Amino acid sequence: MGIVFNFCENYDFLSNRAADIVGELLKAKPDCVLGLPTGSTPIGMYKKLIEKNKSGEIDFSKVTTFNLDEYYPIKKTSEQSYYKFMFDNLFDGININPDNINIPDGEAENAEIESLNYERKIDRAGGLDLMILGIGPNGHIGFNEPGKFLLPHTHVADLTEDTIKANARFFDSESEVPKTALTMGMGSIIAKSKKILLLVSGESKKAAFDKFYGEAKITADNPSTFLYLHGDVIVLSDIS
Ligand code: F6R
């Protein structure tokens with residue numbers, strides 16, 4: 001199978017297509033395990049999933065979710081926490097059981113222990129049936145940032161200057177962006193996801209996407225290229 005590229009006319013089309021893929025999985029496997037991203041890109045898909053759930057087309061009551069990442073340290077109640085983002089943009093709108101929601105704990109006392117526990121929780125759930133991902137303008141996946149090497153497991157990551165700049169739009173100032181985060185590693189993403197859905201939207205992603213799609217050289221300079229090592233990836237892109 002490898003990687004299948006689907007070029008979408010626009011963001012709305014991409015969001016619909018992504019929500020349909022998730023919806024079909026929920027219908028086929030009501031107790032499936034989803035890996036979820038935050039960011040601007042999945043918001044359209046989350047809106048459509050809420051609509052589908054409200055209309056009775058899909059049911060989240062048996063679904064388990066694992067978020068890809070979270071700033072560290074950060075309070076759950078903070079406006080910028082991924083915890084709050086997920087409740088505002090998805091969980092408060094669907095009939096998911098709160099006990100089945102997993103997000104790396106930005107309030108954990110010990111980030112290394114939290115990382116280890118998170119990885120174990122994913123294993124105990126039997127891995128992820130579908131991992132949904134976005135891509136950073138620098139090619140990052142989660143907070144797996146470009147560099148000399150990548151870490152395989154869930155870990156504490158240092159944000160690069162590029163990512164701090166890109167995420168400053170959600171904070172009052174650049175200096176308020178946390179400098180570290182908890183993130184699933186590229187190894188966990190690849191080994192623990194049965195299927196991956198990568199959403200690529202907006203011109204700011206063009207350079208990273210060109211390297212991913214055009215050059216297609218697997219390199220830690222562009223962590224997204226490691227997805228070529230997975231056997232079942234669908235890419236939805238609204239840039240060509
Ligand atoms: C989000 C995440 C990030 C984003 C990426 C794209 O949980 O891990 O890697 O997927 O930064 O963000 P947007 O969609 O805001 O362009």
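**A close look at L199**

Modeller: Leaving out residues up to four places away in sequence, L199 touches L14, A18, T41, P42, M45, I132, L133, G134, I135 and L236; touching, or contact, means heavy atoms within 4.5 Å. Before we go on, this is a predicted model, where local features need pLDDT of at least 70 and side-chain atom pairs count only at pLDDT 80 or more, while totals for chains, interfaces and linings use all residues. Residues are numbered from 1 along each chain as its sequence is written, and side-chain values use heavy atoms, with hydrogens and water left out.

Back to our residue: L199 has its place in strand 9. Strands (E, at least two residues) and helices (H or I, at least four) are DSSP runs numbered from the N terminus. With 1% relative accessibility, L199 counts as buried; that word means under 20% relative accessible area, exposed means over 50%, and partly exposed is in between (1.4 Å probe, protein chains only).

Seven strands make an open, parallel sheet in the order 1-10-9-6-2-3-5; two strands pair if DSSP finds at least two bridges between them. Strand 1 (2-7) and strand 5 (101-102) sit at the edges with a single partner strand each, so one side of each has no neighbour in the sheet. Inside the order, strand 2 (residues 33-36) and strand 6 (residues 128-133) pair in the parallel sense over 2 bridges, and L34 has L130 in strand 6 as its bridge partner. Helix 7 (residues 206-215) packs on this sheet, touching strand 1, strand 9 (193-200) and strand 10 (232-237), and its direction makes about 130° with that of strand 1. For such angles, axes are lines fitted to C-alpha atoms (for helices, over the stretch in contact), and values run from 0 to 180 degrees between N-to-C directions.

Three strands form an open, antiparallel sheet in the order 4-8-7. Strand 4 (69-72) and strand 7 (155-158) are at its edges with a single partner strand each, so one side of each is left without a neighbour in the sheet. From one strand to the next, the twist averages 35°. Strand 4 pairs with strand 8 (residues 180-183) over 4 bridges in the antiparallel sense, with Y71 opposite A181 in strand 8.

Helix 4 lies across strand 4, strand 7 and strand 8, at about 125° to strand 7. Helix 4 (residues 111-124) has 14 residues and spans 20 Å from first C-alpha to last, close to the expected 20 Å, which is 1.5 Å times one less than the number of residues. Its buried residues are A111, E114, S115, Y118, E119 and I122. Seen down the axis of helix 4, these buried residues fall within an arc of 135°, so they line one face of the helix; the arc is that of the directions from the helix axis to the C-beta atoms. The face turned away from that buried side carries the exposed residues E112 and R124. At the start of helix 4, a side-chain oxygen of N110 comes within 2.9 Å of the backbone nitrogen of E112. After helix 4 comes G126, with a positive phi near 85°.

Key:
A polar contact is a pair of N or O atoms within 3.5 Å; within protein, one must be able to donate a hydrogen and the other to accept it, and residues adjacent in sequence count only if both atoms are side-chain atoms.
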